[in-house]
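Subject: Structure for you to look at

Hi,

Here is the structure I promised to pass on. Please open it alongside this email, and my notes follow below.

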Amino acid sequence: MATEKWVTIRKEWCNLIEQDVDLMELRVYPAEMLPEGQDFQVKARKCSVDVTCNMAGFPCKWAYTNPELDPFVERARERGDVS
Ligand code: SF4
């Protein structure tokens, strides 16, 4: 039987709420081996405070309020890490 587990993949500073947050992914570990040596598949991703930001109406992909705005991509662009 497959098992599912939320795992923090990294911590990031979010400029919109001005605090550190956890970016997480829901990993599915199948009972059988996956092809090409994979241990798990990623079923979903979320931010640790997505519900709070959603309720507050922050425009953000991670809060499910604006699929076009990812504050971490925006920050990477500001740093020149992403074109
Ligand atoms: S849901 Fe979006 S706005 Fe809220 S902390 Fe996470 S990344 Fe920042």
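Where is Glu-18 found? Glu-18 lies in the loop that runs between strand 1 (3–14) and strand 2 (19–29). Please keep in mind that this is a predicted model. The backbone at Glu-18 has a phi near 55 degrees, which is a positive value in a residue other than glycine. In general, most residues other than glycine have a negative phi. Glu-18 counts as exposed because 7 other C-beta atoms lie within 10 Å, and the cut-off for exposed is 12 or fewer.

Tyr-64 is in the loop between helix 1 (50–56) and helix 2 (71–79). With 13 other C-beta atoms within 10 Å, Tyr-64 is partly exposed.

Now to the ligand. It is surrounded by 13 residues, and the closest are Cys-14, Cys-47, Cys-53, Cys-60 and Trp-62. Sorted by class, this shell around the ligand holds 12 nonpolar residues, 1 charged residue and no polar ones.

Those names come up again in the core. The largest nonpolar core has 7 residues, namely Cys-14, Val-21, Cys-47, Cys-53, Cys-60, Trp-62 and Ala-63. Nonpolar side chains tend to be buried together in soluble globular proteins. Leaving aside residues up to four places away in sequence, Val-21 touches Glu-12, Cys-14, Cys-47, Ser-48 and Val-49.

Happy viewing, and best wishes

Note on methods:
Residues are numbered from 1 along each chain as its sequence is written. This is a predicted model: local features need pLDDT of at least 70, side-chain atom pairs count only at pLDDT 80 or more; totals for chains, interfaces and linings use all residues. A residue is near a molecule or strand if its C-beta atom, placed from the backbone, lies within 6 Å of it. Ala, Val, Leu, Ile, Met, Phe, Trp, Tyr, Cys and Pro count as nonpolar, Asp, Glu, Lys and Arg as charged, and the others, Gly among them, as polar. Helices (H or I, at least four residues) and strands (E, at least two) are DSSP runs, numbered from the N terminus. A residue is buried if 20 or more other C-beta atoms lie within 10 Å of its own, exposed if 12 or fewer, and partly exposed in between; C-beta atoms are placed from the backbone. A nonpolar core is a set of buried Ala, Val, Leu, Ile, Met, Phe, Trp, Tyr and Cys residues joined through C-beta atoms within 7 Å. Two residues are in contact if their C-beta atoms, placed from the backbone, lie within 7 Å.
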